[in-house]
Amino acid sequence: MHIKNYEEFIDLLKKEQKDKAVLYAMNLLEKEKLTIEELYQELLAPSLTEFKCDVDDLEVCIWKEHFRTSIIRTILESSYLYIIKRVENIKKIDKKIVVLTPPFEYHEIGAIMVAHYLLLEGFDASYIGANTPKEEILSAIRAYHPDYIAMSVTNPYSVVVTKQITDEIKRFFPDVKIILGGQAFDNKEATHSIQYDYLMHSLNDLIEFGKEVQK
Ligand code: B12
């Protein structure tokens with residue numbers, strides 16, 4: 001664990017110094033002090049999941065959360081350069097995966113990370129967006145012919161619409177395998193009555209999945 005890096009990074013986030021926070025994270029990758037996975041798992045993800053607002057005004061807190069999310073998103077986009085470089089030298093897995101969040105699901109940081117993790121495992125993965133309307137999802141399947149659809153679901157209210165979408169995917173595209181993940185499924189009962197092929201939670205699950213697919 002890189003606790004010192006986490007503390008230094010969080011300090012920049014608390015001060016809302018976007019430029020310094022982005023440079024700090026990029027420097028860790030450039031100098032190879034952290035891998036992309038370590039940066040995401042040990043700094044970026046906890047900086048959001050453990051976010052606590054230290055002011056009393058709820059409105060100010062919401063803006064603080066939005067601003068922090070925007071910093072993390074900028075770091076994720078900037079990390080893509082390092083992903084491209086690493087992917088050049090790894091064995092590719094000839095499987096296409098479309099990653100998305102369903103309609104009305106705005107939490108997208110987890111989905112973007114998952115798309116990046118899948119690229120680093122060698123998959124042909126594309127993140128197509130958050131809050132993706134049902135028709136767009138079906139259209140993406142028609143256009144890209146993916147082997148898998150990975151749906152990231154955070155808000156428990158999104159589970160109902162996830163069921164509707166997975167039903168349609170299974171009806172019109174029975175060969176496309178469905179991967180579910182995200183905080184809404186931390187409780188496995190939430191998957192009750194949803195048609196899916198894989199339920200995954202972590203980077204380790206994705207690594208195991210990569211190995212299984214290549215067998
Ligand atoms: C940032 C944030 C937002 C932002 C999101 C911005 C964006 N562009 O993504 C905004 C402001 C939009 C937002 C809105 C809301 N939010 Co919010 N949000 C958060 C916050 C602070 C961080 C989420 C995050 O990005 N975490 C970091 C990522 C990396 O973690 P992750 O998503 O869990 O993903 C990891 C794993 O779950 C996994 N994973 C995720 N998807 C998948 C998929 C697969 C296939 C696999 C293998 C793995 C996997 O891998 C990731 C990497 O480790 C959380 C707090 C928390 N505890 O998470 C609340 C939180 C999720 N939000 C919450 C709520 C209630 C809301 C709102 C309803 C608030 C409101 N009243 O408006 C709305 C709902 C919006 C909607 N319709 O979706 C609650 C949910 C509680 C619950 N269980 O009911 C939380 C937990 C806050 C809280 N403690 O109350 N939110």
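Asn 5 is found in helix H1, residues 3–14; helices (H or I, at least four residues) and strands (E, at least two) are DSSP runs, numbered from the N terminus. This is a predicted model, where local features need pLDDT of at least 70 and side-chain atom pairs count only at pLDDT 80 or more, while totals for chains, interfaces and linings use all residues. Residues are numbered from 1 along each chain as its sequence is written, and side-chain values use heavy atoms, with hydrogens and water left out.

Is Asn 5 buried or exposed? Asn 5 counts as buried because its relative accessibility is 15%; buried means under 20% relative accessible area, exposed over 50%, partly exposed in between, with a 1.4 Å probe and protein chains only. Leaving aside neighbours within four places in sequence, Asn 5 is in contact (heavy atoms within 4.5 Å) with Tyr 24, Leu 28, Leu 34 and Leu 43.

Next, strand E4, residues 177–181. Of its 5 residues, 4 are buried, so E4 is largely enclosed by the rest of the structure. Strand E3 (residues 148–152) runs parallel to E4, joined by 5 bridges; two strands pair if DSSP finds at least two bridges between them. Ile 149 has Ile 178 in E4 as its bridge partner. On to strand E5 (residues 198–199): 2 bridges join E4 to E5, and these also run parallel. There, Ile 179 has Tyr 198 as its bridge partner.

Last, the lining of the largest pocket. H5 supplies the largest share, 6 residues.
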